[in-house]
Amino acid sequence: MRGFGDLEAVVIDRLWSREGRTTVRQVFEELSLERDIAYTTVMSTMDNLHRKGWLARQRQGKAFAYWPTLTREEYSARLMRDALSAGRNPDLVLTHFLQQMTDEESATLRRLASTQDPQ
């Protein structure tokens, strides 16, 4: 899985931070308070994210309303999965990852692992 480009990351972050569906106009109005950006740039970015499968959309009058197809956490989990698969030795990648965890993260992982149903 490929990560987001700079503007894609900003846009998807805005949508993750909102509840429900969002129009290009709403994202544009927020972003234009912080940066010099064209409406068409935001529209193209959101269309690109839709074509890549990161956003779903539904026509709302003359415009589209967009929403993320994955939560921020689901996306992060996919990145972690991709990182694990990218190494030549997934066991070693996982070992290095576990060594970098805090005690609190390790305790959470143990708790979550113990509550999973065996299959």
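Author: Helices (H or I, at least four residues) and strands (E, at least two) are DSSP runs, numbered from the N terminus. The model is predicted, so local features need pLDDT of at least 70 and side-chain atom pairs count only at pLDDT 80 or more, while totals for chains, interfaces and linings use all residues. Residues are numbered from 1 along each chain as its sequence is written, and side-chain values use heavy atoms, with hydrogens and water left out.

Strand β3 covers residues 63-68 and is joined to β2 by six bridges, the two running antiparallel. Two strands pair if DSSP finds at least two bridges between them. The open sheet has three strands in the order β1-β3-β2, with antiparallel pairing. β1 (22-23) and β2 (55-60) are at the edges with a single partner strand each, so one side of each has no neighbour in the sheet. Helix α1 (residues 6-16) packs on the sheet and touches β1, β2 and β3; a contact means heavy atoms within 4.5 Å. The direction of α1 makes about 85° with that of β3, where axes are lines fitted to C-alpha atoms, for helices over the stretch in contact, and angles run from 0 to 180 degrees between N-to-C directions.

Now to strand β1, where Thr22 is found. Thr22 has a relative accessible area of 0% and is therefore buried, a word that means under 20% relative accessible area (1.4 Å probe, protein chains only). Leaving aside neighbours within four places in sequence, Thr22 is in contact with Leu15, Val27, Met46, Phe64, Ala65 and Tyr66.

Definitions and conventions:
Buried < 20%, exposed > 50% of the residue type's maximum accessible area, 1.4 Å probe, protein only.
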